[in-house]
Amino acid sequence: MAKKSMIEREVKREKLVQKYAAKRAALNEIVRNQDLPMEERFKASLKLAELPRNSSATRLHNRCQLTGRPHAYYRKLKLSRIMLRELGSNGKIPGLVKSSW
């Protein structure tokens, strides 16, 4: 089980990403537009730098939905390998058959 503080920190980042997504996308569009004057693009990049760092989507880290474990994460199931193995052994994941010999 991951530390509660780390899980809460990740939740806080997710909220910030959602809050600033539209503003960040608009500023990125201005910065990448080659038709605009250089001064306007530079001002947009400065405004982008003023946004909170945790509002960037690259700061997010995938975590297991049950334990919060950050490593060995299966995106399709949103579970870590340990929980996948445990739930598969108990037969709680439809279509997953855990072999043992």
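Is Arg63 buried or exposed? At 14% relative accessibility, Arg63 counts as buried, where buried stands for under 20% relative accessible area, exposed for over 50%, and partly exposed for values in between (1.4 Å probe, protein chains only). The structure is a predicted model, in which local features need pLDDT of at least 70 and side-chain atom pairs count only at pLDDT 80 or more, while totals for chains, interfaces and linings use all residues. Residues are numbered from 1 along each chain as its sequence is written, and side-chain values use heavy atoms, with hydrogens and water left out.

Arg63 forms a salt bridge with Glu10, and the closest N and O atoms of the pair are 4.0 Å apart; a salt bridge is here a side-chain nitrogen of Lys or Arg within 4 Å of a carboxyl oxygen of Asp or Glu. Helices (H or I, at least four residues) and strands (E, at least two) are DSSP runs, numbered from the N terminus. Salt bridges that share partners join Glu10, Arg13 and Arg63 into one network. A search of the whole structure finds 2 salt bridges.

The domain assignment of the protein gives domain 1 (1-61) and domain 2 (63-93); such bounds come from an automatic or database domain assignment. The centres of the two domains, taken over C-alpha atoms, are separated by 29 Å. To the contact, domain 1 contributes 6 residues and domain 2 contributes 6 residues, contact being defined as heavy atoms within 4.5 Å. The size of an interface is often given as the accessible area lost when the parts come together. Between them, domain 1 and domain 2 bury about 490 Å², 55% of it on carbon and sulfur atoms; buried area is the accessible area (1.4 Å probe) that two parts lose on being put together, summed over both. Of the area that domain 1 buries against domain 2, Met1, Ala2 and His61 supply 68%, more than any other three residues.

Across the interface of domain 1 and domain 2 the rule finds 1 salt bridge. The count of residue pairs in polar contact between the domains is 3, with both residues at pLDDT 80 or more. A polar contact is a pair of N or O atoms within 3.5 Å; within protein, one must be able to donate a hydrogen and the other to accept it, and residues adjacent in sequence count only if both atoms are side-chain atoms. By class, the side of domain 1 that touches domain 2 has 4 nonpolar, 1 polar and 1 charged residues. In this classification Ala, Val, Leu, Ile, Met, Phe, Trp, Tyr, Cys and Pro count as nonpolar, Asp, Glu, Lys and Arg as charged, and the others, Gly among them, as polar.

Backbone angles were also examined. Most residues other than glycine have a negative phi, and most peptide bonds are trans. Ala72, although not a glycine, has a positive phi of about 55 degrees. Ala72 is placed in the loop between helix 2 (38-50) and strand 1 (73-74) and is partly exposed, with a relative accessible area of 32%. Lys78 likewise has a positive phi, near 60 degrees. Lys78 is found in the loop between strand 1 and strand 2 (79-80), and its relative accessible area of 44% makes it partly exposed.

Arg75 lies in the loop between strand 1 and strand 2 and is exposed, with a relative accessible area of 67%. The C-alpha atoms of Arg75 and Asn62 are separated by 7.9 Å, at 13 residues apart along the chain. Ser80, in strand 2, counts as buried at 1% relative accessibility. Residues up to four places away in sequence not counted, Ser80 touches Cys64, Thr67, Arg69, His71, Ala72, Tyr73 and Tyr74. Ile82 is found in helix 3 (residues 81-89) and counts as partly exposed at 37% relative accessibility. From C-alpha to C-alpha, Ile82 and Arg69 are 9.2 Å apart in space and 13 residues apart in sequence.
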